[in-house]
Amino acid sequence: MNPLLYTDGYKVDHRRQYPNQTTLVYSNWTPRKSRINGIDKVVFFGLQYFIKKYIIEEFQTNFFNKSKEEVCKQYSRRINNYLGENQVGIEHIEALHDLGFIPMVIKALPEGVEVPIRVPMFTMYNTLPEFFWLTNYFETLLSTTVWLPCNSATIAKQYRKILDQYAHETSSTPEFVDWQGHDFSMRGMAGLEAAELSAAGHLLSFTGTDTIPAIDFLEKYYNADSDKELIGGSVAATEHSVMCMGTNSGEEETFKRLITEVYPKGIVSIVSDTWDLWKVLTEYLPNLKEEVLARNGKVVIRPDSGDPVDIICGNPEGKTEVEQKGVIQLLWETFGGITNDKDYKELDAHIGAIYGDSITIERATEICERLKKNGFASTNVVLGIGSFTYQYNTRDTFGFAMKATYGEVDGEGREIFKDPITDDGTKKSAKGLLKITLENSKYQLHDQVTWEEEQQGALKEVFRDGKLLVDEKLNEIRKRIKHL
C-alpha cells in the first residue's frame with residue numbers, strides 16, 4: 001500500500017486547512033501522564049525502528065520506487081472512494097514523489113533513557129516549505145508504532161528494578177536477574193508487529209524471552225548480532241498437551257522420561273499443574289530425587305494456575321499443609337540447598353521454579369517480599385511476564401501524544417499551544433520551539449526558546465531529508481537503560 005495511506009482519515013486534507021502561506025510545522029512526541037502508580041518516567045524506545053521501517057523502507061519500496069502515476073492513482077482512488085467528491089487533490093503527492101525523499105528533521109533523546117512525564121522524547125519538522133503538511137501527517141503512523149515499545153520497555157524496567165532490589169538484598173547470584181523476568185507475551189499481543197515491538201522493549205532489561213521474532217527484529221533494526229552477543233534466549237519446556245498425552249496415571253513416568261531420556265542434561269521446564277501440582281511436589285519429585293540430582297542441569301517446575309503469590313510462597317490460610325507451604329518450601333524440603341552469606345536459602349542448583357500466569361508488577365513485588373519473609377532468596381523463582389502485563393495497556397497509559405507547538409506563516413514564527421479549559425491539565429501542551437537539557441541526571445523541558453537555543457541541548461538530529469543520521473546498537477541501549 002502507498003504509505004501515505006497509513007493515516008487517520010481526517011489527516012488527508014489538513015494541508016488546505018492550515019493558514020495560507022504556512023511553510024513550517026514543528027511538533028513533538030511527549031508522554032503527558034502516567035496511569036501506573038510509582039512510575040513518573042517513561043523509557044524512550046522504538047523511534048529507530050519507525051524511521052527505518054516506515055520513513056525509509058516503506059516509502060522507498062512502496063512510494064518512491066513506484067511510478068508517480070501508480071502511487072497517485074492508488075492514492076486518488078482510495079481518498080475519492082473514502083471521502084466522496086472532494087478537493088484534496090494529488091499535486092502535493094506528485095511533488096513529494098518528484099522530490100524522492102522525506103523532507104523532515106527528527107531530533108531525539110537517546111533511546112533507552114528514562115524521560116520524565118511531560119518532557120518530549122523527540123521533535124520533528126519539515127525542511128522544505130511546501131511540505132509543511134507532512135509533519136503532522138505522520139502523527140497517526142508514528143503514534144501507533146512508538147507508544148507500545150515505550151510502554152513495554154518502561155514496564156520491563158520496573159520489573160528489573162524490583163527484581164534487582166530483592167536480589168541485592170537476598171541472593172548470592174544477582175546476575176541471575178537477567179533471566180528472572182521472562183517474556184511469555186507473544187500469543188496474547190495484538191499481532192506480530194506488536195509482539196516484536198513489545199518483546200524488544202522487554203529485552204532492553206532482560207535476556208529471557210519466548211518471542212523468537214524479537215531477536216531478528218533487534219538484529220535488523222538495532223544492529224544486534226546473535227552470533228556475537230546474547231540478544232535473547234530460553235530453555236526447553238513442555239506444554240499441557242505434552243503432559244496430557246502422557247496421561248494422568250502416567251504423569252510421574254512422563255517426568256522421569258523427560259529428565260532422564262529426552263533431556264538428560266541442561267535446563268528443562270516442566271508444566272506441573274495439569275492435574276495435581278501438590279502431588280507432583282510431594283510424590284513424583286521425591287520419587288525422582290536421585291534422577292534430578294544426578295543430572296548436569298536444572299529441572300524447573302512450572303505451576304500455571306491459581307494465585308501466583310500463594311502458589312509460589314504458600315497460603316497461610318490454605319486448606320492443606322502443602323498449600324500453606326507453597327512451591328519453594330516444598331522443593332526445599334525435598335532437595336535442600338544452601339544458606340547464602342546474606343542468610344537466605346537458595347535451592348539446590350538442580351531444581352528451580354517458574355511461574356508465568358497473570359504476573360503483574362504488584363504480584364512480582366509480593367512474591368519477592370514473601371519469599372524474603374520466609375527466608376528464601378528472590379532468585380529461587382523465575383517470573384514469566386506475559387500479555388497480562390504488556391497488552392493491558394494503551395497509548396493513554398502514559399498519555400502519549402504528538403502535538404504541534406510552533407509554525408511559520410508567511411515568514412513569521414507562531415508559538416502555538418493547546419490548553420483546554422475543560423481538561424485537568426493533562427492536555428496542556430508546551431509552547432513554541434523546544435529545548436531539552438539534562439540537569440542532575442534528569443531531563444528538563446524549556447519551551448518558547450529561540451531557533452539558536454533549539455539547536456542546543458540534549459535533542460540530537462537522528463534523521464534529516466531521507467537519511468538516518470544515528471544508527472544505534474542494542475548493546476548501547478542496554479548499557480544506557482541499565483545505568484539510569
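The model is predicted; local features need pLDDT of at least 70, side-chain atom pairs count only at pLDDT 80 or more, and totals for chains, interfaces and linings use all residues. Residues are numbered from 1 along each chain as its sequence is written, and side-chain values use heavy atoms, with hydrogens and water left out.

**Exercise 1. Describe the largest pocket and its lining.**

Step 1. On a 1 Å grid over the protein atoms alone, a pocket is an open set of points where a 1.4 Å probe fits, with protein on both sides within 12 Å along at least five of seven lines; lining residues have an atom within 4 Å of a point. Grid points are joined across faces, edges and corners, and a volume is the space filled by probe spheres set on the points.

Step 2. Take the volume. The largest pocket holds about 930 Å³.

Step 3. Find the centre. Of 37 lining residues, His182, Phe184, Asp210, Arg302 and Ile354 lie nearest to it.

Step 4. Assign elements. Helices (H or I, at least four residues) and strands (E, at least two) are DSSP runs, numbered from the N terminus. Strands 6, 10, 13 and 14 and helix 17 (387–390) each supply at least two lining residues.

Step 5. Sort by class. Ala, Val, Leu, Ile, Met, Phe, Trp, Tyr, Cys and Pro count as nonpolar, Asp, Glu, Lys and Arg as charged, and the others, Gly among them, as polar. The lining has 14 nonpolar, 15 polar and eight charged residues.

**Exercise 2. Find the buried and exposed faces of helix 3.**

Step 1. Check the length. Helix 3 (residues 68–83) has 16 residues and spans 22 Å from first C-alpha to last. That is close to the expected 22 Å, which is 1.5 Å times one less than the number of residues.

Step 2. List the buried residues (under 20% relative accessible area; exposed is over 50%, partly exposed in between; 1.4 Å probe, protein chains only). They are Val71, Cys72, Tyr75 and Ile79.

Step 3. Explain the pattern. These residues cover an arc of only 95 degrees around the axis, so they sit on the same side of helix 3. The arc is that of the directions from the helix axis to the C-beta atoms. An α-helix has 3.6 residues a turn, so residues three or four places apart point the same way.

Step 4. Turn to the opposite face. Glu69, Lys73, Arg77 and Asn81 are exposed there.

Step 5. Name the partners. The buried residues pack against helix 2, helix 4 and helix 5.

**Exercise 3. Is glutamine 158 buried or exposed, and what does it touch?**

Step 1. Glutamine 158 lies in helix 6.

Step 2. Its relative accessibility is 13%, so it counts as buried.

Step 3. Leave aside neighbours within four places in sequence. Glutamine 158 then contacts (heavy atoms within 4.5 Å) Gly38, Ile39 and Ile361.
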